[in-house]
Amino acid sequence: MTGGGAVRTAVLVAGMMGASLLSLQAQPQTATPPVRSVFVSAGVFRPADAAFRAVYGSRAPVAVQAEWRVAPHVAVFGGVRFVRGRGNAVVETGAGTSLGPGLSETVRLGLTSGRAGVLLIAPRGRWEFAVGGGVTVTGYSEDWDAADLHTNGTSAGWMLQARLSRNLTRRLFVTGGIEYGSATVSRSASDVIGRVRLGGLDALGGVGLRW
Amino acid sequence: MNLATRRTARLGALFVLAAVLLGASPQVDRATVLLKIERQQAAGVTAATLAETHGLQELQSGWVAEASGEVAARLGREGVRLTVLDPAPAGKQYFLIFARTPNPPAVSSLTAALPLEEGVWLVAAADDRLRERLPGELDVAPLSLSPPARVRPYFEAAGAVHSLPRSRATDALAAPDARIAAAVAAVSTDRLAATIRELEGFQSRYATTTNLAAAGNYLFDQFRGRGHAAEYDDFTFSSFGYPATNIVATLPGRASAADVVIIGAHYDSFSDRRPTLAPGADDNASGTSVVMEAARVLAGMPFDFTIRFVAFSAEEWGLYGSRHYAEAARQRGERIIGMVNLDMVGFVDRAPEELETIVNPASEWMADRFGTAAATYAPLAVRKVVNASSRSSDHAPFWDAGYSALECIEDLPLTNPYYHKTTDRFETLDMTFVSAVAKAAVALVAELAQPVGPVATPTGLQVTPETARSLFARAKRYVLRWSPAPGATGYNVYRATAPHGSYRRVNATVVREAAFTDAFVSPTLPAYYVVTAVDAQGRESNYSTEASGQ
């Protein structure tokens, strides 16, 4: 999936959420509190790996997450997160420990993470604070066309999430928060980097629906 | 002869061989048999024993020879691997058939041929009309059964010279250069002989004698007489501090005088009566004569790189002269492209006849280039021996100093029965062989020094390795910079994965600047670069000196 594809997906999800919101508002309201929610968010991702930052800098992830309240203060969640970007290859100097200036050769990266986990939720009036964590499976791909080097694979990891939401209406809410993910790729070959950390810190904000 | 007949013939030959080895028949013992002696001899087999056979034709894997049944039986007992090709060759006429292409047609379908090794067959025939029945990929040469003066090298037959299979470096050389061919053609056997006789005339060239000093003066004058700038390179050796002198002549290079090709030989000698009589015709007036002749035929030729002609002293005492020279060169930071050492290149036993070229692994490219130069310019068969422990001559100090060096020697182990004796005289030498060695050596040195071309050769090539990386992948790259060549409108960049190997151009279009980045080369293979200049007419220069980023 390309970066444009990720944005299209997010817009599609947001559209569906909007349509759902309108249809729900047309129905008679009940006293049962909403137990399901879905939101889409975007933000900034700061990779933990210095080489990641040197090649691609900070990227703008897009995430979609669905939650189901299984208890008054506990929810399980699942979702997907997309990171796409272009960067430039860099020169290694000093036994690979420092990275020199970028080259003109373009490289392209795609990260797609599926995640699932548990959140503890603390509602306070219109506010709701959630914190939790889970596991991730990240599919990665990188294309260095000039060098005819193409890399892809998957890597398992974990993530932590802390999020604050505010209800705008009974159904609609906005949310923002941070999350930290960790996933490491380890390989051995002459022309690949032996260990790459795909994780890092996300700062995300978005909008969602509950029903 | 069909297959069954051939099998019968082979069985017959084996039976006769068994009979010979068992000594079952005194008549067979005295009769002459036709043998193939394998080159891989068992330890302890002496050249003198082999010398009892009459070598007829050298092969890659051994020799075709005649011997009495008695000698053949003894060789077998001594561990020599041999095959009886014909137990009764007398009165027959034999021909050798050899392939000129790697995949020749099946000879057995055409003639009653006995395979000797890959691409070589032996056949008995009434006359050489056999040639007419063979396809063009096959050559025919008569095999004379009368003992010749010396075994024919592999492969010199019917007036044609067939080189040994070429090494991977062969492709790196272009077509024969007319200027090099002219220099090779100018090599004079008479002058080689005259130099050997002159050096022998000093009676002894033992390193501590005044005779050697006189011989050094003679060489100095000869260098000067050939138009070279000559100099004495003084040093002392042994705990007694004996004075000695290398004699050095220099032909400065036009493109890069700092890059040097050396051709050298020791001019001192040794014998059991060393202070008074050590003629040293083979060891090593022969090698010295080649150096002097190279200095003569190459004098005045413009080369890209400097050629040094060096007569080393005190080799027999322990390589003192060459060690002094090589260590000083190392300390000066001299860029020696390669050193050619000629030591004992005049004696020809009957087998083998080929010149041995001794190299260490780092210098293997020189042996490849020598073999190619010999195949291109001189009728000389060459056998490459990669053996870093073969250090008994003046090439070894150059190896120790980190330079590429090649030793040329007639046989290793030595077979000259006059070695280090007062009988090491001119009369024991084969001047045809000396001349062939001289031609090949001249060709190699000229190839390495490169006759000046129509376009100035780029100089000052420097290679800086870099590693580029993305998030997941790593790619090696080399940044090349060199000095602009006068008159150049562009450059080409060539890369090889072995030193002085087969270069392949890496730039798709002519490089306009004196810099180039060779990106995305293999991270595991080494890379060696040369560059050439291109002028407005599209003519290309010689290669620059080689540089690597290792």
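Colleague: How much area is buried between chain A and chain B, and what share of it do carbon and sulfur atoms give?

Modeller: The area buried between chain A and chain B is about 1,900 Å². Carbon and sulfur atoms give 67% of it. (Buried area is what two parts lose in accessible area, with a 1.4 Å probe, on being put together, summed over both.) This is a predicted model: local features need pLDDT of at least 70, side-chain atom pairs need 80 or more, and totals for chains, interfaces and linings use all residues. Side-chain values use heavy atoms without hydrogens or water, residues are numbered from 1 along each chain, and chains are lettered from A in written order.

On chain A, 28 residues are in contact (heavy atoms within 4.5 Å) with 14 residues of chain B. Three residues of chain A stand out: Glu92(A), Trp144(A) and Ile193(A). Together they supply 29% of the area that chain A buries against chain B.

The whole structure holds five cavities of 30 Å³ or more. (A cavity is a set of points on a 1 Å grid where a 1.4 Å probe fits but cannot get out; lining residues have an atom within 4 Å of a point.)

The largest cavity has a volume of about 140 Å³. Its lining counts 18 residues. Nearest its centre lie Arg81(A), Ser113(A), Thr138(A), Gly181(A) and Gly199(A). Strands E4 (98-124), E5 (127-144), E6 (149-167), E7 (172-186) and E9 (200-210) of chain A each give two or more residues to this lining. (Strands are DSSP runs E of at least two residues.) E7(A) gives the largest share, five residues. By type, the lining of the largest cavity has seven nonpolar, seven polar and four charged residues. Gly counts as polar here.

The second largest cavity has a volume of about 100 Å³. It is lined by 16 residues. Phe39(A), Ser41(A), Gln161(A), Arg163(A) and Leu204(A) are the closest to its centre. Strands E1 (36-47) and E2 (62-71) of chain A each supply at least two lining residues, as do E6, E7 and E9 of that chain. Here E7(A) again has the largest share, with five residues. The lining of the second largest cavity divides into five nonpolar, eight polar and three charged residues.

Notes. On a 1 Å grid over the protein atoms alone, a cavity is a set of points where a 1.4 Å probe fits but cannot get out, and a pocket is an open set with protein on both sides within 12 Å along at least five of seven lines; lining residues have an atom within 4 Å of a point. Grid points are joined across faces, edges and corners, and a volume is the space filled by probe spheres set on the points. Helices (H or I, at least four residues) and strands (E, at least two) are DSSP runs, numbered from the N terminus.
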